[in-house]
Amino acid sequence: MNAFEIENLNLWYGEHHALHDICINIPANQVTALIGPSGCGKSTFLKVLNRMQDLVEGVRIEGKVMFGDQDIYAPKTDVDQLRTRVGMVFQKANPFPMSIYDNIAYGPRVHGIKKKDELDAIVEESLKGAALWDEVKDRLKRSALGLSGGQQQRLCIARALAVKPEVLLMDESTSALDPISTGQIEDLVGVLKRDYTVIMVTHNMQQAVRVSDYAAFFLLGDLVEFAKTDDLFNRPLDKRTADYVSGRFG
């Protein structure tokens, strides 16, 4: 079963053709890593899956991006509803300037959940899902800005999980973290795929090997190769992939 099925996706920023005829089926309940050098289209592609490009002026998109049986760029798509099904965690942790509790409860409240017992359960479940509950359960009313960098990033993951998404998009979500915090996030990703589809951009080849089931190699706006991670790194079909994963460029 696939989470996304993308056919002939093209994207332009004004006159700049940033993504070229991307065709890829991303499997559900697996971790897919998007790899490639800076500026190759990885983060742009990730944002397409969440319709973040709607927020950028001058963007034009052609092609099909199917999420289940829904073309997410069809004119009548409910974008707000889409973003409850597809959560996103960014490179830099961005907790809201409010309490830990209110960070997690924010999304459910926006979607109409007001009862304290329901919110309490969601906050606890989400923080447990992000492997953060034991560290913060006694200070839920304190500011989220007082957490460490790694804790803030796990808080952002918990905040995304609170609205019960099907997919979690992660845009270099460990690049600003120390090795211990990075390891905690990587361990968490391995657990999350039991219940979620995880699609992550990473520049760290070792990280892609450690945590992903599938990998997609982007270069200059092209999807060069998509395969199981072990095959892509050890038995690549394209010389450009082989050169990149062996460190000859990038």
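## Terms and ground rules

Two strands count as paired if DSSP finds at least two bridges between them. Helices (H or I, at least four residues) and strands (E, at least two) are DSSP runs, numbered from the N terminus.

What you're looking at is a predicted model, where local features need pLDDT of at least 70 and side-chain atom pairs count only at pLDDT 80 or more, while totals for chains, interfaces and linings use all residues. Residues are numbered from 1 along each chain as its sequence is written, and side-chain values use heavy atoms, with hydrogens and water left out.

## Overall build

The protein chain carries 10 helices and 10 strands.

## Inside and contacts

Of the 250 residues, 52% are buried (under 20% relative accessible area, 1.4 Å probe, protein chains only). Take contacts (heavy atoms within 4.5 Å) between residues at least 6 apart in sequence: 66% of them join residues at least 24 apart.

## The S9–S10 hairpin

Strands S9 (residues 214-219) and S10 (residues 222-228) run antiparallel, paired over six bridges. Leu-219 has Asp-222 in S10 as its bridge partner. Two residues sit between the strands of this hairpin, and Leu-220 in the turn has a positive phi of about 50°.

Conventions:
Buried means under 20% relative accessible area, exposed over 50%, partly exposed in between (1.4 Å probe, protein chains only).
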